[in-house]
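Here are some friendly exercises to work through with the model open beside you. Try each task before reading its solution.

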Amino acid sequence: MLAADFLHLEESIAIVNKYADVFHLDIMDGVLVPNISYGFPVVEAISTKAKKMLDAHLMIVHPERYIERFSKVGVKMLSVHYEAVRDPEPILGLIKSFGMKAGLAFNPDVPVEKILPYLYACDYVLVMSVYAGFGGQKFIEDTYERISQIKAAIDEQKLRCRIEVDGGVSPANASKLIECGADILVAGSAVFKAENPSEVIAAMRK
Ligand code: ZN
């Protein structure tokens, strides 16, 4: 929703309701990442119109302070950044304790090896394919290899952790991402800046 039309938010919400599977909400605090996005008033407004699941991606420091509040506004998938938490396990447990799916997100410069020990505690990992903080960035090609490594570890340990990819995702890279093991593709600009968003979503589904 970062790439949505904020002057006509209801139209952007309608596109997601009709054609997509999940509302992905990028929450930035200007501290963990060098940008500020939107907060609870906007998430709450979206939640009143959303017919699909709300997935909040917290790019903020001290995410533990806001877990309960996100669950109260109807968020069902909640990810926190590895870079923002000293020990991911307790906070992933806290997210689950509110009945939400718990995700661990990480930037392209975090070695995959740092994330592998926590896969067992995650319902999903959020692999950033651009640096967190801004929409509209170019997809980083390394991402394919990073996803393959994570997918291999998930399969080897017979875990149920899913893989979400976020940043520069479009019909041009969607099929290769899925082949590498991605389960959830987050697309912002590719959809909302397009002439025909539904065609872009259909192309990615194909
Ligand atoms: Zn995101």
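Angles under 35 degrees count as roughly parallel, over 145 as roughly antiparallel, 65 to 115 as roughly perpendicular and the rest as oblique. The model is a predicted one, where local features need pLDDT of at least 70, side-chain atom pairs count only at pLDDT 80 or more, and totals for chains, interfaces and linings use all residues. Residues are numbered from 1 along each chain as its sequence is written, and side-chain values use heavy atoms, with hydrogens and water left out.

**Exercise 1.** Describe how helix 1 and helix 2 are oriented to each other.

*Solution.* Start with the axes: those of helix 1 (residues 9-19) and helix 2 (residues 40-49) come within 10 Å and cross at roughly 50°. The two helices are therefore oblique to each other. Next, list the residues in contact (heavy atoms within 4.5 Å): Leu 9, Glu 10, Ile 13 and Asn 17 from helix 1 meet Val 42, Ile 46 and Lys 49 from helix 2.

**Exercise 2.** Work out which protein donors hold the zinc ion, and their arrangement.

*Solution.* Donors are N, O and S atoms within 2.8 Å of the metal (3.2 Å for Na, K and Ca); water is not among the atoms, so sites may look incomplete. Here they come from His 24 (NE2), Asp 26 (OD), His 57 (ND1) and Asp 166 (OD), at 1.9 to 2.2 Å from the zinc ion. Because the four donor atoms subtend angles of 90 to 155°, the arrangement is irregular. For comparison, four donors count as tetrahedral if all angles lie between 85 and 135 degrees.

**Exercise 3.** Decide how helix 6 and helix 7 run relative to each other.

*Solution.* Helix 6 (residues 143-156) packs against helix 7 (residues 171-180) at about 25°, with axes 8 Å apart. They are therefore roughly parallel to each other.

Definitions and conventions:
Axes are lines fitted to C-alpha atoms, for helices over the stretch in contact, and angles run from 0 to 180 degrees between N-to-C directions. Helices (H or I, at least four residues) and strands (E, at least two) are DSSP runs, numbered from the N terminus. Four donors count as tetrahedral if all angles lie between 85 and 135 degrees; four count as square planar and six as octahedral if opposite donors are over 155 degrees apart and all others between 65 and 115; anything else is irregular.
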